[in-house]
Structure formats: structure tokens, C-alpha cells
Amino acid sequence: MSFRGGPVLGIESSCDETSAAVVADNRVLGHVILSQDAHAVFGGVVPEIAARQHLVHIDGVVERALDEASIGPADLAGVGVTAGPGLIGALLVGLNWAKGFAYALGLPVVGVHHMEAHLYANSLESPDATPPFVALLISGGHTLLLYTPAWGRYELLGATRDDAAGEAFDKVARRLGLGFPGGPEIEKFAQQGNAGTCRLPRPMLSARDDPGDASYFDFSFSGLKTAASLMIGEIEAAVDGDVDAARAHVAAEFQEAVVDVLVAKTMRAVEHTRCRRVLLGGGVARNALLRETLASALEPAGRMFAPSPRLSTDNAAMVARLAEHRLWAGQTDGLDLNADPALPFPGLS
Ligand code: KG4
Ligand code: ZN
């Protein structure tokens, strides 16, 4: 089945957002994101609940996205769907729904990589967010620093060795008794405190680091998370002092520590590649301190691209956008397309 242009339906179900979007010629015609609130009481995503919730909501979410685009299924020209990485049960719902829908309508279907889709979110809002660029992809499950000389070609510079940046935000938020997802909660709580009042480490950053070292571009957030957790424990055990204020200082210091590391490693990539264009993607890209710090580190000659908050966290518009790109390139998948919870990043060297 070949693609001759026209609206592309995107489906995203890799974690706890059930989302559908219609994109045509790089424009979003309809977009619905349903964030499942059934996980909040558990303080994290429960995979089985996520899968069941996708099943309950996917029909309605797609219907609303098509309504918003003022089109019907017969007007579609292709279907794109997240094939991985993600939670297997959650992925399977979206993928099988998309395959069944495409088969019934005789449409080409293309499976996309969730993190590559986060990268493409930028081009929906900034047409000039094109390669070459350095990309920092930061979500709840991944932390990737890439150099992209051309679309579809990615040089891996660094990745996390343990927790992802978003995961560290979520876990420290949980330790502070804040809500889920933790990133926005920490960001809000940090406004009541001052970074620097207490001191947390900046992991994998040393002035003596050498570009030849394996750790030069890599990240590690697990030790920082533990250090923050120990500090919170000490504050709570102390008999005197303003516990709430001290906890807010830890939140502010933790946020600043993560941002310092992310920005320093990204600037190392900028120097190494001599490419001063940087793209952000993934939920942590919503963080205002990160955006401000990176944007000013890139001044005066550099440029930072970051999606709007709605397109930074999980959404189907980015999936439809990448699918449209792939379909124009003549790349489609067969109905044997399968979900892969550990799908490797495509085109990586
Ligand atoms: O990309 P995303 O929506 O889902 C995954 O692919 O994982 O990213 C979710 C992650 C969560 O860990 C969440 O805490 C984090 O993004 N996040 C933030 C902010 N908003 C969301 N982290 C820091 N600051 C924020 N404002
Ligand atoms: Zn994501």
C-alpha cells in the first residue's frame, strides 16, 4: 500500500497517555490527549491499569480527534503508531488497534519509535527545527544525547547509566510526598525554596573530564536521587527547624543539580560537534529552569528549539508527524508489525 499524501492518523499508547492526532502537511488538524488519572493514588504508572485504560478510551479518543479535524476515517491516507519502547501491554493496545483500523480501511501503517517521535514534535511548531542539531531527549524512561546530521541518522553521544532524568524527578517527588508525575510538582515546590541552601552532587561532571572518557557525555541520576532522599530523611528526623522550608530547599537544589548536569553535557556535545543548534524533547523539556539555563548557555550564537508544553510530554501529534515523514519516504510496515518494549532507536551509530 503506497502513500499518496493526505491526513495521517497518529496513535500513542506507550505509557499512561491515550492520544490520537490527525496531521496533514506538518499541520495538526485534530489532537486529543487523555492523561489517565487512575494511577495517581499509586504514585506511579501501574502497567496493567494503563493497558486496560487504553482499551476503554481508544475508540473515543480517535473519534474526537477525527471530529476536531472535521474528517472521517475515509479521508485518511495513512496510520502511524508508537511500536516501542514502552509498557508492553499499553503498546499492544494502540498497535493492534492501529493495525486493525488500517487493515479495515486499506491504509498503509507505519510503526514509529517513541523517542524519535519526541524529536519530531519540534518540527510541528518550528519548521526550521531541522538537522544538523544536537538533541537532548529527556523523558520518564530515557535520557539520550544525540548528534543528528540528517533526519533518520543519529550519532549516540551519551545516555543515562541508571535512572532517566524524569524518573529521578518522579522518585524524589514521591519521597517528598508530592504528587505524580513528579517533575511539575518539584518545579512548583522548588519555587518556595532556594538552591544552594543545601548542596547536592552534580554526577558525572568533573572539570578534568576528557572527551575520550566513556563518562564524558553519559549521565547518572541514581546517586543524586539517593543523596536527595538521605537529605530529606535527615531534615525529617531533626527535632527543630522549619521542615517544610528545608524540604523546599532540597527540591530547588535537586532541580538545579539535574539542570546543571543536563546543560553541561549538552554544551559539551555542542563544543564537540561544533553544532550550536539544540533540540529538546520529552517530558522533562517542560522544565522552565532547564529551558532558561540552556537557552542562555547557547547565547549569543546558538539556538535552542523546544516544543510547547503540550507537545513536550507524550502525545500523538508527534507520532503522526514522524509517520507522515516516513510514509513520504516510502517506508511502511506490514501487518506483522509487533510491539517492542525495548525497541532500539533507529538509525543509531
Ligand atoms: O515524555 P514523557 O511525557 O513520558 C515518557 O516518555 O516517559 O515524560 C514524562 C516525564 C515524567 O518523568 C515527568 O515527571 C517529567 O517528564 N516531567 C517534568 C516536567 N514535566 C514533566 N520534569 C521536570 N520538570 C517538568 N516541568
Ligand atoms: Zn515520552
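This is a predicted model: local features need pLDDT of at least 70, side-chain atom pairs count only at pLDDT 80 or more; totals for chains, interfaces and linings use all residues.
Which residues coordinate the zinc ion (ligand 2)?

1. Residues are numbered from 1 along each chain as its sequence is written, chains are lettered from A and ligands numbered from 1 in the order in which they are written, and side-chain values use heavy atoms, leaving out hydrogens and water.

2. The zinc ion (ligand 2) is coordinated by H114 through NE2, H118 through NE2 and D314 through OD, at 2.0 to 2.1 Å. Donors are N, O and S atoms within 2.8 Å of the metal (3.2 Å for Na, K and Ca), and sites may look incomplete because water is not among the atoms. Along the sequence, the donor residues follow the spacing H-x3-H-x195-D.

3. Both histidines, H114 and H118, sit in helix α3 (residues 114-125), four residues apart, about one turn of the helix. Helices (H or I, at least four residues) and strands (E, at least two) are DSSP runs, numbered from the N terminus. H114 is buried at 6% relative accessible area, and H118 is buried at 0%. Buried means under 20% relative accessible area, exposed over 50%, and partly exposed in between (1.4 Å probe, protein chains only).

4. Next, look at G10 in strand β1 (residues 8-12). G10 is buried, with a relative accessible area of 0%. Setting aside neighbours within four places in sequence, its contacts (heavy atoms within 4.5 Å) are S19, A20, A21, G80, A316, V319 and A320. The C-alpha atoms of G10 and R321 are 7.8 Å apart, although 311 residues separate the two along the chain.

5. Now to a pair of helices: the axes of α4 (residues 165-175) and α5 (residues 182-190) come within 7 Å and cross at roughly 60 degrees. Axes are lines fitted to C-alpha atoms, for helices over the stretch in contact, with angles from 0 to 180 degrees between N-to-C directions. The two helices are therefore oblique to each other; angles under 35 degrees count as roughly parallel, over 145 as roughly antiparallel, 65 to 115 as roughly perpendicular and the rest as oblique.

6. Where do α4 and α5 meet? F169, D170, V172 and A173 in α4 meet G182, G183 and I186 in α5.
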